[in-house]
Amino acid sequence: MSRCRRKTGAGQKTGTFAAVPTGTMLIASTARADGIPEAWGLGMQAPGSPVAGYINDFHNTLLVIIAVICVFVLALLLYVIVRYNRYANPEPSRTAHNIKLEIVWTLVPCLILIDIAFVSFPLLYYTDRMPAPDLTLKVTGHQWYWSYEYPDSNDIGFDSHAIWDSSAVTEDQAAKLVADASPGWLIHDPPLRLLEVDNRVVLPVGKNVRVQITGGDVEHSWFLPALGVNRMAVPGRLTEVWLKIDSPGIYYGQCSMICGQGHGYMPIVIEGVTPDQFAAWAQSKKAAVGQRVIHNAPHYAATENRGQENDER
């Protein structure tokens, strides 16, 4: 993965999209935005959770091991080319076996794999052993949007659709949707084309969040690189994973399972906020329990309207 990190600061202009006129731009905050491409970016995304940090360390360890192996093999190849070409070595050796050498090149890879196991197995255990959760978030993948529920927080539930949910979305439509949705956002960074949603997930920083993931129709995948989360959303099956956001900011992700023609329009946006901000947000949503946002994006709205017209006929 390329390094995808976008930094903003107080009074620093972050840039926007042609699809969002200047009048609808939001004031940039000091929030961190992850999950977006950066020119000439290298490496993993900046980790935003302990699991992502662990994965990042594992990646860096493997990178060093692989680099050393590649340099060593390259040096051997160059040595063989120089030392044993037909000009430097016109009388080739008839040696067929070397017991000591064969033992060495068998044991060394085994020792390398054992060394990697000492790092990878604890990582697998760490990601699988969920600590005592402070909060539960239920995620359901649909064609092609996400539904979220907070069973521990007044049973809050809502659907999250992409603002740019098809290539047919015009600048005016996107600007109107952003204007309608932005009052509900807690972190007011400029919207990101193809990565923004109408209803963002809000989670408290520093809390252990149990995420239960399932699918409503076909298989999807809830993927947030900066938080180290990638779990399948399978119909009829509940998958659990945990995350803990390190610092406030916006974390972006997408469905990584090719789930149909709308696969590219299933972004994920999480706002990491302080526990007090999350409590206030949950309280403000209490009055809207059971009221879901249905088909906010223009493509789905058009689909719904066509369905109504067919029913009338």
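Student: Does Thr 127 count as buried or exposed?
Tutor: The structure is a predicted model, in which local features need pLDDT of at least 70 and side-chain atom pairs count only at pLDDT 80 or more, while totals for chains, interfaces and linings use all residues. Residues are numbered from 1 along each chain as its sequence is written, and side-chain values use heavy atoms, with hydrogens and water left out. A residue is called buried under 20% relative accessible area, exposed over 50%, and partly exposed in between (1.4 Å probe, protein chains only). Because its relative accessibility is 19%, Thr 127 counts as buried.

Student: Which residues does Thr 127 touch, not counting residues up to four places away in sequence?
Tutor: Thr 127 has its place in helix 2; helices (H or I, at least four residues) and strands (E, at least two) are DSSP runs, numbered from the N terminus. A contact means heavy atoms within 4.5 Å. With residues up to four places away in sequence not counted, Thr 127 touches Val 51, Arg 231 and Trp 242.

Student: What distance separates the C-alpha atoms of Thr 127 and Val 229?
Tutor: Thr 127 and Val 229 are 102 residues apart along the chain.

Student: Which residues of helix 4 are buried, and why do they line one face of the helix?
Tutor: An α-helix has 3.6 residues a turn, so residues three or four places apart point the same way. Helix 4 covers residues 275-285. Seen down its axis, the buried residues fall within an arc of 100° (taken from the directions from the helix axis to the C-beta atoms), so they line one face of helix 4. These buried residues are Phe 278, Trp 281 and Ala 282.

Student: Which exposed residues does the face of helix 4 turned away from its buried side carry?
Tutor: The buried residues of helix 4 pack against strand 3 (135-142), strand 4 (145-150), strand 5 (156-160), strand 6 (201-204) and strand 12 (267-273). The face turned away from that buried side carries the exposed residues Asp 276, Gln 283 and Ser 284.

Student: What is the C-alpha separation of Phe 278 and Leu 203?
Tutor: Phe 278 is found in helix 4 and is buried, with a relative accessible area of 8%. Beyond four places in sequence, the residues touched by Phe 278 include Leu 135, Tyr 150, Ser 153 and Leu 203. Phe 278 and Leu 203 are 75 residues apart along the chain. Their C-alpha atoms are separated by 6.5 Å.

Student: With which residues is Ser 153 in contact, leaving aside its neighbours within four places in sequence?
Tutor: Ser 153 lies in the loop between strand 4 and strand 5. It is buried, with a relative accessible area of 9%. Leaving aside its neighbours within four places in sequence, Ser 153 is in contact with Leu 135, Phe 278 and Ala 282.

Student: What is the volume of the largest pocket?
Tutor: On a 1 Å grid over the protein atoms alone, a pocket is an open set of points where a 1.4 Å probe fits, with protein on both sides within 12 Å along at least five of seven lines; lining residues have an atom within 4 Å of a point. Grid points are joined across faces, edges and corners, and a volume is the space filled by probe spheres set on the points. For the largest pocket, the volume is about 420 Å³.

Student: Which of the residues lining the largest pocket are the closest to its centre?
Tutor: The elements that give two or more residues to this lining are helix 1 (50-83) and helix 2 (99-128). The largest share, 8 residues, comes from helix 1. Of the 15 lining residues, the closest to the centre of the largest pocket are Phe 72, Val 73, Leu 76, Leu 101 and Trp 105.

Student: What is the phi of Leu 194?
Tutor: Most residues other than glycine have a negative phi, and most peptide bonds are trans. Leu 194 has its place in the loop between helix 3 (171-181) and strand 6 and is partly exposed, with a relative accessible area of 32%. Although it is not a glycine, Leu 194 has a positive phi of about 70°.

Student: What is the omega of the peptide bond from Gln 143 to Trp 144?
Tutor: The place of Trp 144 is in the loop between strand 3 and strand 4. The bond from Gln 143 to Trp 144 is cis, with omega near -5°.
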